[in-house]
Structures are given as C-alpha cells and as structure tokens.
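Please look through the structure below with the following briefing beside you.

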Amino acid sequence: MKKAILVTGAFGLVGSDLVPALQKKYGASLVFALGNKTIPKDFRGQLVKGDVRDLSSLKKIVTKYNIGIVYHLAGLLSVGGEKHPDLAWDVNLNGLRNVLDLARDEHLRMFWPSSIAAFGPTTPKDMTPQHTVIEPTTMYGITKYAGELLCQYYHSRWGVDVRSLRYPGLIGYKAPPGDGTTEYAVHIFYGLLKENAYNPFLKADARLPMMYIDDAIRGTMQLMAAPADKITVRTSYNFTAINFTPKELVTEIKKLYPTFKAAYVPDPAKQRIADGWPKSIDDTQARKDWGWKPEFDLPTMTKTMINGLKKKLAI
Ligand code: AKB
C-alpha cells in the first residue's frame, strides 16, 4: 500500500499552497492536512485535527493513515514569538522534537522549515554564507537554530532523513498573512486592493530576502525529491530568490497603481527584528546540490500577487 503524506500547519502561508501541490502530485486521498484551530470552511481534502505538542495523538494519526512523509510546518513566526515566547518554544521546539521522534521510530521522511531568522545581528548581512556566525536574538530565531541542530543530530545519530530550508520572507495570497516581520510584504497587497493605501511597519530602506510562494513550494518539493546522497546540508539550506526594501516594493506597485499611497511608519519592535536579519542570502549550496533556481522576480511576483488576491477577494 502506498504511504501517505501528513502536513502539519496545513492552513498557514506555506501549507495553503503546499497541500494543493501535494494533492496534485500524489492524489488527494494520500495527503492529510493537520490543522489545530484555523481550518478554512472551503478546504477540500483529507482533514485531521490535532496538536503537534501531543505526541501520542500524532502517533495514532501516523499509524491510522499509513503516513510515510511529514511536512512539519506548524509553528509561530517572529512577531508572534516575541509576544508569546513560552508558546513559541513549546510549539516550535517541542513540536519539532515530537515529529523527529516519530520520524525516527516510525521510519518517516521529513521536511521542516527553518528561516533567515536563525541568523542574528553578528551574521554577515550581504550574501550571507551557508556556514557562518549564527547568534539569533529572537525566540523564533532561537527555536529555528536549535531546531536545525536537532535535525542534524537526528540525522547523524539515527539516520533520520530530515531535510530543511531557511525560508526567506514568503509572499502568497491564499492564506491570510501571519504574525511575522516580512509579512508587511503580504499585508501591503490587501491594503492596496481594499484601501489603495498601506503603511509598511518597517523603514523604507529595510532590505530583506524574499520569495514568491510558488518558488518556495517548487523548491521544497524539489529538495524532498532529491536523492539522499545529494543532500550535503543536514541543518538547513540557505534558500533565496529576491530581496527588496519596502520602498522598492511600493515603487513596483505604483507602476501598476500610480495613486497608491504609502508612508513608512516603522514599528520599533518589528524594525529591531528586521535589523538583526540578513539583507541577501548566498544559496550556492542549494543550487549545486539539488539544482535550486528561482523563477519569480519582483515585477512578476507583484503582478501575480495582485491578480491572485483580486480573484480571492472577488474585486
Ligand atoms: C517572519 O517574518 O517571522 C517570517 C520569517 C522570515 O521566518 N516570515
């Protein structure tokens, strides 16, 4: 019998696009979407309710549905993690440890996302190398870096085939924006279409690495399909597409909507998080090991976001 796939955090920014992509590739009957609270009414597919902090119920799900691969996406983001540090530790790290234990005991393959948030203020900011100084200063970043080391440990100690990407800021329209720092670049499109105005909560020149969601999904599936002997990084791969500042994004939007209004009103707490992160990323290792190559640039991403969101909001 064919093994099935479990996606935790299935209704977040990544899951909302990854689940349909996996359904298309493997068939909807083999993809199980694990949700906790926010389950969209229009979801079509196999739904399981659960909490990644509850190991025994995860175990039952894996056995009952004959799961062979887990995409473990559930977790808090950077801003949410600063509001609720204890919860961020519990969900992000204890949740990951549970899934890694399951992967070891039940021989599952596994994907888990790290983030550019694993880096910190002492990391080189331009073209941040794969192997470099890593001293994160947010709870989210700490859980990501500790998580990367945990993944590497489970691989070297028990041979768990767990693979990971350091996601940059991801931009997509299917799920509502999460509680993150790069999420201004998602909120801005809602502001554009609803009010023709949006004030980014970061400085005009706050450059951050970013990626359109289709690239992220393609890269994630490509990494998981690569032969194991090609995977030379078992912490998490640097992974990037574009980088831009709030001002550059506003300029791009104004090419299509010249009357769009934006003023930069930095939120000190969010700006502090952004100040600790890289501006651009060197993802040579991902390109070399498993052929990573992004497709979306800033103009294509902007047009695609606007068209997609217009349809979603029926505008
Ligand atoms: C956040 O801003 O918290 C996330 C991330 C870059 O991991 N989007």
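A nonpolar core is a set of buried Ala, Val, Leu, Ile, Met, Phe, Trp, Tyr and Cys residues joined through side-chain atoms within 4.5 Å, where buried means under 20% relative accessible area, exposed over 50% and partly exposed in between, with a 1.4 Å probe and protein chains only. This is a predicted model, in which local features need pLDDT of at least 70 and side-chain atom pairs count only at pLDDT 80 or more, while totals for chains, interfaces and linings use all residues. Residues are numbered from 1 along each chain as its sequence is written, and side-chain values use heavy atoms, with hydrogens and water left out.

**The largest nonpolar core**

- The largest nonpolar core has 72 residues, and Phe-189, Phe-244, Leu-249 and Trp-290 touch the most other members.
- Helix α6 (residues 184-195) gives this core its largest share, 8 residues; helices (H or I, at least four residues) and strands (E, at least two) are DSSP runs, numbered from the N terminus.
- This core lies between domain 1 (4-170 + 213-238) and domain 2 (172-209 + 242-280 + 295-313), because both domains give residues to it; the domain bounds come from an automatic or database domain assignment.

**The ligand and its shell**

- Around the ligand are Leu-77, Ser-78, Ser-115, Ile-116, Tyr-140, Gly-180, Thr-181, Thr-182, Glu-183 and Trp-277, where a residue is near a molecule if one of its heavy atoms lies within 4 Å of it.
- Domain 1 and domain 2 each supply at least three residues of the shell around the ligand.
- A polar side-chain atom of Tyr-140 lies 2.7 Å from an oxygen atom of the ligand, and a polar backbone atom of Thr-181 is likewise 2.7 Å from an oxygen atom of the ligand.
- A nitrogen atom of the ligand has a polar side-chain atom of Glu-183 at 3.1 Å.
- On its own the ligand has 250 Å² of accessible area, of which the protein covers 96%; such areas come from the Shrake-Rupley method with a 1.4 Å probe, and for residues only the protein chains shown count as cover.

**Two buried loop residues**

- Ser-280 sits in the loop between α9 (268-275) and α10 (284-290), and it counts as buried because its relative accessibility is 11%.
- A polar atom of the Ser-280 side chain lies 2.7 Å from the backbone nitrogen of Met-127.
- Asn-66 is placed in the loop between α2 (55-64) and β4 (67-72), and it too counts as buried, at 18% relative accessibility.
- The side chain of Asn-66 makes a polar contact (3.4 Å) with the side chain of Lys-3; a polar contact is a pair of N or O atoms within 3.5 Å, and within protein one must be able to donate a hydrogen and the other to accept it, while residues adjacent in sequence count only if both atoms are side-chain atoms.
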